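The sequence and structure are shown first.

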Amino acid sequence: MANPIVARSLDEIRFWSRIMKEHALFLSLGFTYEQKQLIDEANQFITLFERIEEKLSKFSVNSDPRQVQAFNNEVYQAAAAIWGYKRKVLGLTLRCEIRSNNFALLIDHTSREAAYFANRIKELNEGKLAPSPDTIIEENVFFLKIMADHAKFIGHLLDPSERKLVEQAREFSHDFDQLMFQAVDLDSMRPQSETKPILSQFLNQNKVSVASLRDFKKTARELIEACRIKSNIHPLLADHTFREAERFLEIIDMFEASLIRN
């Protein structure tokens with residue numbers, strides 16, 4: 001029988017290593033030509049996470065847990081390193097030491113995801129697998145903000161003449177901001193909030209909204225790939241945000257299953 005820590009570790013690395021590699025690409029595309037040093041550093045991270053993906057292909061759910069733990073440590077170091085790079089770029093941006101086409105919120109957004117990835121790998125190496133009520137709320141706060149950010153980026157990167165799509169993106173941004181604030185409120189109500197009915201309703205409400213945003217992203221991705229709308233959105237970025245919405249839905253399903261079991 002497969003070790004659940006091994007299986008979960010490989011799943012997290014498979015998903016988030018690709019996300020980190022794409023972050024490095026997106027940041028590199030946003031820098032200006034004179035920011036060669038930052039572009040070179042981004043390219044080094046692309047290579048680093050490609051190597052991690054190559055190593056990942058040699059593991060399976062039946063791999064030796066000790067070998068996977070060692071691999072997790074290596075991946076943790078890579079995630080921590082790209083987090084440091086992103087925070088450096090954010091600092092340069094906020095101090096106006098560089099001017100690029102990367103929004104400050106986008107850089108911060110990618111750094112939050114790197115921190116999340118590093119933390120998940122650390123938790124798995126500590127044997128933490130099953131979600132607690134605390135984790136359910138905290139992870140939803142994290143992902144709801146990610147979804148709200150995505151809606152804002154889409155709205156800003158669409159051509160202003162795409163008025164209908166821009167308005168839809170703004171509506172999603174507002175809706176997910178409200179859901180995030182609601183989650184923050186619920187988080188502050190603990191331990192009273194640690195009841196299954198409240199958490200179940202909370203997850204169900206989020207699931208409906210995320211599915212709606214996922215479908216919007218899917219449509220936008222298809223339109224961008226077919227060159228049927230005007231935007232500055234890279235087709236890979238459109239797919240990237242779609243995959244993250246799918247990931248959030250998978251996590252909600254996992255949390256719902258844990259509530260039923262417990």
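The model is predicted. The domain assignment divides the protein into domain 1, residues 1–129, and domain 2, residues 131–261. Taken over C-alpha atoms, the centres of domain 1 and domain 2 are 21 Å apart. Domain 1 brings 21 residues to the contact and domain 2 brings 22 residues.

The size of an interface is often expressed as the accessible area lost when the parts come together. Between domain 1 and domain 2, about 1900 Å² is buried, and carbon and sulfur atoms account for 66% of this area. On the domain 1 side, the residues that lose the most area to domain 2 are Phe15, Phe26 and Tyr116, which together give 26% of what that side buries.

Polar and charged interactions also cross the interface. Nine residue pairs are in polar contact between domain 1 and domain 2, with both residues of each pair at pLDDT 80 or more. Five salt bridges are found across the interface of domain 1 and domain 2, and a search of the whole structure finds 31. Side chains of opposite charge can pair when their charged atoms come close. Two salt bridges from the structure are listed below.

| Salt bridge | Closest N and O atoms |
|---|---|
| Arg243 with Glu22 | 2.9 Å |
| Arg120 with Glu12 | 3.2 Å |

Which helices supply at least two residues each to the side of domain 1 that touches domain 2? They are helix H1 (4–30) and helix H4 (104–125). H1 gives the most to this side, with twelve residues. Sorted by class, the side of domain 1 that touches domain 2 comprises eleven nonpolar, eight charged and two polar residues.

Helix H1 itself consists of 27 residues. From the first C-alpha of H1 to the last, the helix reaches 39 Å, close to the 39 Å expected at 1.5 Å a residue. At the start of H1, a side-chain oxygen of Asn3 comes to within 2.8 Å of the backbone nitrogen of Ile5.

Key: Residues are numbered from 1 along each chain as its sequence is written. This is a predicted model: local features need pLDDT of at least 70, side-chain atom pairs count only at pLDDT 80 or more; totals for chains, interfaces and linings use all residues. Side-chain values use heavy atoms; hydrogens and water are left out. Domain bounds come from an automatic or database domain assignment. Contact means heavy atoms within 4.5 Å. Buried area is the accessible area (1.4 Å probe) that two parts lose on being put together, summed over both. A salt bridge is a side-chain nitrogen of Lys or Arg within 4 Å of a carboxyl oxygen of Asp or Glu. A polar contact is a pair of N or O atoms within 3.5 Å; within protein, one must be able to donate a hydrogen and the other to accept it, and residues adjacent in sequence count only if both atoms are side-chain atoms. Helices (H or I, at least four residues) and strands (E, at least two) are DSSP runs, numbered from the N terminus. Ala, Val, Leu, Ile, Met, Phe, Trp, Tyr, Cys and Pro count as nonpolar, Asp, Glu, Lys and Arg as charged, and the others, Gly among them, as polar. The expected span of a helix is 1.5 Å times one less than its number of residues.
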